[in-house]
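Reader: I would like a close look at a single part of this model. Please keep it brisk.

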Amino acid sequence: MKRRDFLKTAGIGALFAGTGIVGTASAQMQAPWAWTAEHGIVNNNLKKDPNPLENEFEKHARCTYCGMVRKQWSHTRHLIQYDDDSTEGTCSIHCLSISLALNMDRGPKNIWVGDAGSDAEVKPLVKVDAAHYVLDASKPGTMSGASKWAYADAEKAKAAATGEAKVVGFDGALAAAYADMARNTVMIRKRRAEKRAKMMKKNAN
């Protein structure tokens, strides 16, 4: 039995331990992860891909959550492969954090990020575990008021962390993305509303 499945089973068993109704309750109760899968809270449209790095931009041309062209934002893009091989491509850690929040019953198997320190026009992907994120509130980021760029080279990350910017690991960058979510959402909605208003005005003329 997988550790993940064991924990789920153990959790339900502990819930009803000592009540004398473990068998009956367990049979009648629908597990929460089963309910979410059936009713669509979990994104069941994700394609399963055992080789997500192969032809990445063909399979994930645009960010799932904002529609941005990922190749144009290769320095901040992320690619995630869950434990069932479901994959998803995002433009940023902001949109990656949305994916992780919506797919709580899937465990991340691999997560990659674009290496902002690379000299290549299209930045190569590196595992987030080996990346050094520079959090810089003085610079705007992708889908964020504060940049969160990742570097494969620790020295390049340190050099980029000027002023009050700091270097953190992936967990620290993800925590910052969630902390910034409310402010960023307000900012994004405002910008998109302004763009829609301009388009409507242009089309009306």
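How many bridges join β1 to strand β3, and which way do the two run?

Author: Five bridges join β1 to β3 (residues 108-114), and the two strands run antiparallel. First, the ground rules. This is a predicted model, where local features need pLDDT of at least 70, side-chain atom pairs count only at pLDDT 80 or more, and totals for chains, interfaces and linings use all residues. Residues are numbered from 1 along each chain as its sequence is written, and side-chain values use heavy atoms, with hydrogens and water left out.

Strands here are DSSP runs of E with at least two residues, numbered from the N terminus. Two strands pair if DSSP finds at least two bridges between them.

Now the bridges in detail. Gln 81 has Asn 110 as its bridge partner in β3. Strand β2 (residues 87-90) also pairs with β1, through four bridges, and runs antiparallel to it. There, Gly 89 is the bridge partner of Leu 79. β1 and β2 make a hairpin, with four residues between them. In that turn, Asp 85 has a positive phi of about 75°.

Next, burial. Buried means under 20% relative accessible area, exposed over 50%, and partly exposed in between, with a 1.4 Å probe and protein chains only. Five of the five residues of β1 (residues 78-82) are buried, so the strand is largely enclosed by the rest of the structure. Both of its faces are covered. On one side, His 78, Ile 80 and Tyr 82 are buried. On the other, Leu 79 and Gln 81 are buried too.
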